[in-house]
Amino acid sequence: QVQLVESGGGLVQAGGSLRLSCAASGSIFSINAMGWYRQAPGKQREFLADITRGGSTNYADSVKGRFTISRDNAKNTVYLQMNSLKPEDTAIYYCKAAIQWIGPTYDYWGQGTQVTVSS
């Protein structure tokens, strides 16, 4: 079994910062891409950023220049540093990881962490 646990969400004023963490645990041989998504009320889940095991990153235009994704392979953890937060960043934030144990690689999701940005 594999578990992804996010932390670091909360309430912050517009212009503030938060750092999200997502730690993977369980039956893991290797973790390939790790990423962050979010879902606001009444909206579809949207991609924010991802990072390969080697550190190559990709960002959605909506967060480019404000959010930074990073990972610690030794800790099986991915981070999302969020700066210059806006009220429209309010959402539940989810991490996703492509994890291999024995055989194929599967995508796993965390349970989500709430981020609320007040104006």
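The following dialogue asks why features of this predicted model carry the labels they do.

Tutor: This is a predicted model, where local features need pLDDT of at least 70, side-chain atom pairs count only at pLDDT 80 or more, and totals for chains, interfaces and linings use all residues. Residues are numbered from 1 along each chain as its sequence is written, and side-chain values use heavy atoms, with hydrogens and water left out.

Student: Why is Asp89 called buried?

Tutor: Buried means under 20% relative accessible area, exposed over 50%, and partly exposed in between, with a 1.4 Å probe and protein chains only. Asp89 has 1%. That value is under 20%, so Asp89 is buried.

Student: Where is Asp89 placed?

Tutor: Asp89 is in the loop between β8 (77-82) and β9 (91-100). Strands here are DSSP runs of E, at least two residues, and helices are runs of H or I, at least four residues; numbering starts from the N terminus.

Student: Which residues does Asp89 touch?

Tutor: Contact means heavy atoms within 4.5 Å. Leaving out residues up to four places away in sequence, Asp89 touches Arg38, Arg66, Phe67, Ser84, Val115 and Val117.

Student: What makes Arg66 buried?

Tutor: Its relative accessibility is 11%. The limit is under 20%, so Arg66 counts as buried. Arg66 lies in the loop between β6 (57-59) and β7 (67-72). Beyond four places in sequence, the residues it touches include Gln81, Ser84 and Asp89.

Student: How do you know that the side chain of Arg66 makes a polar contact with the backbone oxygen of Ser84?

Tutor: A polar contact is a pair of N or O atoms within 3.5 Å; within protein, one must be able to donate a hydrogen and the other to accept it, and residues adjacent in sequence count only if both atoms are side-chain atoms. The backbone oxygen of Ser84 lies 3.0 Å from a polar atom of the Arg66 side chain. The backbone oxygen of Ser62 lies 3.2 Å from a polar atom of that side chain. Both distances are within 3.5 Å.

Student: Where does Asn76 sit, and why is it called partly exposed?

Tutor: Asn76 is in the loop between β7 and β8. Its relative accessibility is 23%, between 20% and 50%, so Asn76 counts as partly exposed. The hairpin of β7 and β8 has 4 residues between the strands, and Asn76 takes a positive phi near 50° there.

Student: What makes β7 and β8 a pair?

Tutor: Two strands pair if DSSP finds at least two bridges between them. β7 and β8 are joined by 6 bridges, so they pair, and they run antiparallel. Ile69 stands opposite Leu80 in β8, and the bridge partner of Asp72 in β8 is Thr77.

Student: Which residues form the covered face of β7?

Tutor: Phe67, Ile69 and Arg71 form the covered face, while Thr68, Ser70 and Asp72 form the uncovered one. In a regular strand the side chains alternate between the two faces of the sheet.

Student: What is the strand order of the open sheet?

Tutor: Its 4 strands have the order β1-β3-β8-β7, with antiparallel pairing. β1 (2-7) and β7 are the edge strands, each pairing on one side only.

Student: Why is the pair of Tyr37 and Phe47 called edge-to-face?

Tutor: The structure holds 2 aromatic pairs. Rings of Phe, Tyr and Trp (its six-membered ring) pair if their centres lie within 6.5 Å; planes under 30 degrees apart count as stacked, over 60 as edge-to-face and the rest as tilted. Tyr37 and Phe47 are 5.6 Å apart centre to centre, with 75° between the planes, so the pair is edge-to-face. Tyr37 is in strand β4 (residues 30-39) and Phe47 in strand β5 (residues 46-51). Tyr37, Phe47 and Trp109 form one aromatic cluster.

Student: How do you know that the charged end of Arg45 sits over the ring of Tyr94?

Tutor: A charge sits over a ring if NZ of Lys or CZ of Arg is within 6 Å of the ring centre and within 35 degrees of the ring normal. The charged end of Arg45 sits over the Tyr94 ring, 3.8 Å from its centre. The charged end of Arg19 sits over the ring of Tyr79, 4.0 Å from its centre. Both distances are within 6 Å.
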